[in-house]
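I am opening a notebook on a structure that is new to me, and I want to write down what I look up as I go.

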Amino acid sequence: MQFHVDGFHPGDPRFSDPQDRVVPPPLKRPLPDTVDVLIVGCGPAGLNLAAQLTKFDGLRVAIVDQKDDRLLVGQADGIACRTMEMFQAYGFADQIIQEAYQVNEAAFWKPDADKPNQIARSSKVQDVADDLSEMPHLIINQARVHDMFLDVMRQNPGKLEPHYQRKLLDLDVDPEAGEYPVTAKIERLVNFSQYSQVIETVRAKYVVGCDGARSSVRTAIGKELVGDALNQAWGVMDVLLNTDFPDIRLKSLIHSNNEGNMLIIPREGGYMVRLYIELDKLKENERVARDQMTPEVLIAAANRIMQPYTLDVKEVAWWSVYEIGQRITTAFDDSEVGRAARVFLAGDACHTHSPKAGQGLNTSVMDTWNLGWKLAHVLTGRADESLLETYSAERREYGQALIDFDREFSRMFSAKPKSPDYPDGVDPEEFQRYFQLFGEYTAGVSIQYRPSIVVSDGKHQALASGLTVGKRFHSAPVVRLADAKPVQLGHCHLADGAYRLYAFAGSAEPMSDSCGVKALCEFLASDARSPLKRYTPADADPDSVIDVRAIFQPHHQEVETDTLHPVLTPAKGKYGLHDHEKVFCVDNRPASSGGGQNIYDMRGIDRDKGCMVLVRPDQYVAEVLPLDDYDGLVGFFSQVLTEA
């Protein structure tokens with residue numbers, strides 16, 4: 001899509017008249033007295049959590065924010081491949097892809113060897129490695145991501161709207177207070193008169209602080225951000241411009257000789273770009289002089305860095321200045337010895353870093369993607385409260401890894417190019433190698449959670465070597481049996497809190513007496529130990545807790561649908577309609593028709609034996625088991641689910 005050609009206007013670009021993009025603010029209404037979960041902060045972490053929780057009918061959720069209304073112009077813009085996989089689970093990935101700028105290549109620029117005061121391109125590299133993800137790396141205004149989450153919240157059973165103009169004043173946790181141990185005092189930021197102050201009190205089972213780097217929730221539970229500042233100041237601006245710089249529509253990383261460094265990020269719409277511009281180094285404990293900064297100062301700095309090229313800026317849609325620092329909170333929750341957590345932190349409330357690696361929004365939403373289903377399982381009685389202990393254990397380790405990565409990335413990006421005058425500088429080619437080496441990290445697909453009650457020790461990993469236990473489920477193409485539709489298997493994952501159990505068939509004829517998938521289905525349907533029988537509520541759909549799917553190796557035209565076991569065609573809804581979208585075959589279509597990618601080969605699945613791959617509600621592989629290891633399957637679920 002192309003838009004912004006006549007100036008920047010926030011909102012849905014499918015409306016040609018900017019006035020039609022205006023969304024009426026939610027109705028002013030009081031906060032409820034009691035909730036299951038109170039979310040503080042309407043940033044990406046908070047909205048993602050709200051979107052997850054509202055999938056569960058009956059959960060009472062409230063989300064508050066100090067802002068007057070929804071975000072219109074966002075600070076973050078980079079959407080990693082892994083985040084797009086999560087958006088697919090909500091159902092709005094396609095809309096984001098349509099609107100966004102897709103990052104395909106990155107251009108590297110360094111001082112010209114013949115004219116050191118001018119820059120010259122050194123190389124172009126592929127931004128996302130082949131088969132890293134079926135999803136692209138995208139750039140889009142953070143506010144549009146917020147809009148998508150807000151739509152999901154309204155459409156879900158919970159039908160949730162944020163409560164704006166609310167400031168958290170105090171938070172008190174009393175373990176002896178019964179069902180609602182957390183009391184929040186919140187000021188409603190509406191002045192009815194010069195002297196009035198409206199205070200609302202909300203009692204909650206759990207509170208999640210998604211309220212940014214200056215988090216009031218974090219302060220209330222006695223935690224703090226610790227770490228270091230790098231004494232670097234940067235300006236950032238979204239602009240509409242004309243330029244003779246040849247790579248203006250490519251992600252471009254520029255090292256100049258004496259004028260500093262710059263990062264160019266093309267924005268959605270085809271005309272706007274974001275500029276990250278290095279400013280002067282700061283002294284110890286010095287803060288950037290914001291009152292001396294103007295868009296004109298930043299534009300002038302950009303033009304000095306880009307010599308011999310020039311920027312002719314026509315409109316500044318947004319700009320800011322910031323100082324780089326990497327900090328992480330002392331704890332991600334308020335748990336103590338002998339007392340379970342009731343207050344959690346997520347997003348910038350527990351880790352801060354530079355924006356140039358594009359990890360802020362992406363890491364924040366992954367925090368609450370991890371926490372949301374766990375809270376829902378505990379609140380709906382699916383799981384014991386001990387499940388919540390895995391949130392801090394999993395996310396804090398990754399948060400620290402992010403800090404370490406960002407520190408080195410920022411150091412290299414901000415350093416002067418190595419030269420005889422600056423022997424301690426950074427070789428731009430070394431920076432390029434670092435950029436490529438950590439491609440999986442910046443794409444968000446490198447996370448591997450350690451063994452816990454929701455991650456096995458990987459004893460049978462060899463059965464599916466490319467679906468690593470503890471890492472996200474790496475999707476691959478398959479063909480859906482019922483309608484012969486080519487699909488991505490990973491797109492079976494919905495943001496509904498269900499586990500996915502993939503049964504990859506071995507070499508036996510599908511649904512024959514020697515077929516391991518058929519035997520597994522018989523166990524799941526009939527055995528008293530079956531997790532389907534033990535953990536699925538009587539009034540719920542058969543796949544609401546554990547969603548069973550099968551993948552066969554023959555061509556889809558060789559497998560008859562009337563041979564499938566009833567477990568693979570479950571009856572659902574008030575009419576008991578059968579679900580025909582649970583079974584898939586290897587994509588045996590010729591390459592000329594877009595096929596030829598065999599999921600067994602791509603993901604290292606044992607063709608002879610097959611296997612079970614169990615995936616958590618947040619798309620991370622929890623366990624790989626032999627098809628006939630019913631004890632292993634029963635044992636896993638006995639640790640994480642409670643009987644219906």
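Is His 4 buried or exposed? I looked it up in what is a predicted model, and His 4 counts as buried, because its relative accessibility is 10% and the cut-off for buried is under 20%. I found His 4 in the segment before strand S1, which spans 34-40.

**Entry: other backbone angles**

I then turned to Gln 619, a residue other than glycine whose phi is again a positive value, near 80°. Gln 619 lies in the loop between strand S25 (611-615) and strand S26 (621-625), and I recorded it as buried because its relative accessible area is 5%.

I looked next at the peptide bond from Gln 307 to Pro 308, which is cis, with omega near 15°. Pro 308 has its place in the loop between helix H6 (295-305) and strand S15 (311-329).

**Entry: helix H2**

How many residues of helix H2 are buried? I read that H2, which covers residues 81-90, is mostly covered, with 10 of its 10 residues buried. Among them are Cys 81, Arg 82, Glu 85, Phe 87 and Tyr 90. After H2 comes Gly 91, and I noted that its phi is positive, near 100°.

**Entry: helix H1 and its two partners**

I followed helix H1 (residues 44-53) to helix H7 (residues 360-379), and found that the two pack at an angle of about 30°, with their axes 8 Å apart. I therefore wrote them down as roughly parallel to each other, since angles under 35 degrees count as such. H1 passes H7 in a right-handed crossing. On the H1 side the contact is made by Pro 44, Ala 45, Asn 48, Leu 49, Gln 52 and Leu 53, while the residues of H7 that take part include Leu 361, Val 365, Trp 369, Trp 373 and Ala 376. Sorted by class, this contact has 10 nonpolar and 5 polar residues, and no charged ones.

Which way do H1 and H4 cross, left-handed or right-handed? I first checked the geometry of H1 with helix H4 (residues 142-155), whose axes come within 9 Å and cross at roughly 20°; that makes H1 roughly parallel to H4. The crossing of H1 and H4 is left-handed. From H1, the contact draws on Pro 44, Leu 47, Asn 48, Ala 50 and Ala 51, and from H4 on Gln 142, His 146, Phe 149, Leu 150, Val 152 and Met 153. These residues divide into 8 nonpolar, 3 polar and no charged. Reading both lists, I noticed that Pro 44 and Asn 48 of H1 are named in the contact with H7 and again in the contact with H4.

**Entry: cysteines**

How many disulfides are there? The count comes to 0 disulfides. For Cys 210, which is in no disulfide, the nearest cysteine sulfur is that of Cys 350, 8.4 Å away. I recorded Cys 210 as buried because its relative accessibility is 9%. For Cys 521, the closest cysteine sulfur is in Cys 515, at 8.0 Å, which is too far for a bond, because a disulfide needs the two sulfur atoms within 2.5 Å. Cys 521 is buried as well, with a relative accessible area of 1%.

**Entry: two residues and what they touch**

I looked up Thr 352 in strand S17 (residues 351-352) and found it buried, with a relative accessible area of 13%. Leaving aside residues up to four places away in sequence, Thr 352 touches Ala 213, Leu 225, Gly 325, Gln 326, Arg 327 and Ile 403.

Last, I looked up Tyr 535, whose place is in helix H12 (residues 531-535). Tyr 535 is buried, with a relative accessible area of 4%. Its contacts, again not counting residues up to four places away in sequence, include Val 545, Phe 637, Leu 641 and Glu 643. I also noted that Tyr 535 and Asp 6 are 529 residues apart in sequence and 56 Å apart in space, C-alpha to C-alpha.

How values were computed. Residues numbered from 1 in each chain as written. Predicted model: local features only at pLDDT ≥ 70, side-chain atom pairs only at ≥ 80, totals over all residues. Heavy atoms only, no water. Helix = DSSP H or I, 4+ residues; strand = E, 2+ residues; numbered from the N terminus. Buried < 20%, exposed > 50% of the residue type's maximum accessible area, 1.4 Å probe, protein only. Contact = heavy atoms within 4.5 Å. Axes fitted to C-alpha atoms, helices over the stretch in contact; angles between N-to-C directions. Parallel < 35°, antiparallel > 145°, perpendicular 65-115°, else oblique. Left-handed = near helix turned anticlockwise from the far one by under 90°. Nonpolar A, V, L, I, M, F, W, Y, C, P; charged D, E, K, R; others polar.
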